[in-house]
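Hello,

Here is the structure for your set-up work. Please open it alongside this note.

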Amino acid sequence: MKKIEAVIKPFKMDDVREALSEVGVNGMTVTEVKGFGRQKGHTELYRGAEYNVDFLPKVKVELIVADDQVERCIETIMKTAQTGKIGDGKIFVYEVERVIRIRTGEENEDAV
């Protein structure tokens, strides 16, 4: 099993969720996060004063999938979240050693 973390633009979240659901992903965790990469934030004007916004709002999507679903999920996220502009985000893939469903005690693929 693998854990896929995708940090994407917030307005793309609903599209990504729907697309992942269509390819068989039946659960995910979504967190509102802030960060920056190469775009290094930006400058905004508020009440006549200019200030830097160092951390931009993003959404982190986390899902655990079987090894044979990983590439399909990555392709789906990339296709759906991509705008072609800087700040589209990143995808991270991690090995998952063990998953346990607390309610039933089921483990690994049965728990996902």
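Predicted model: local features only at pLDDT ≥ 70, side-chain atom pairs only at ≥ 80, totals over all residues.

Residues are numbered from 1 along each chain as its sequence is written, and side-chain values use heavy atoms, with hydrogens and water left out.

The sheet: four strands form an open, antiparallel sheet in the order E2-E5-E1-E6. Strands (E, at least two residues) and helices (H or I, at least four) are DSSP runs, numbered from the N terminus. Strands E2 (29-35) and E6 (89-95) stand at the edges with a single partner strand each, so one side of each has no neighbour in the sheet. Neighbouring strands are turned by 20° against each other on average, direction ignored. Pairing requires at least two DSSP bridges between two strands. E2 and E5 (residues 56-65) pair over seven bridges. Valine 30 has valine 61 in E5 as its bridge partner.

The helices: H1 (residues 13-22) packs on the sheet and touches E1 (2-8), E2 and E5. Its direction makes about 10° with that of E5. H2 lies across E1, E5 and E6, at about 5° to E1. Axes are lines fitted to C-alpha atoms, for helices over the stretch in contact; angles run from 0 to 180 degrees between N-to-C directions.

The residue: threonine 76 sits in H2 (residues 70-81). Threonine 76 is buried, at 8% relative accessible area. Buried means under 20% (1.4 Å probe, protein chains only). Not counting residues up to four places away in sequence, threonine 76 touches Ala19, Leu20 and Val23. Contact means heavy atoms within 4.5 Å.

Regards

Terms used
Buried < 20%, exposed > 50% of the residue type's maximum accessible area, 1.4 Å probe, protein only.
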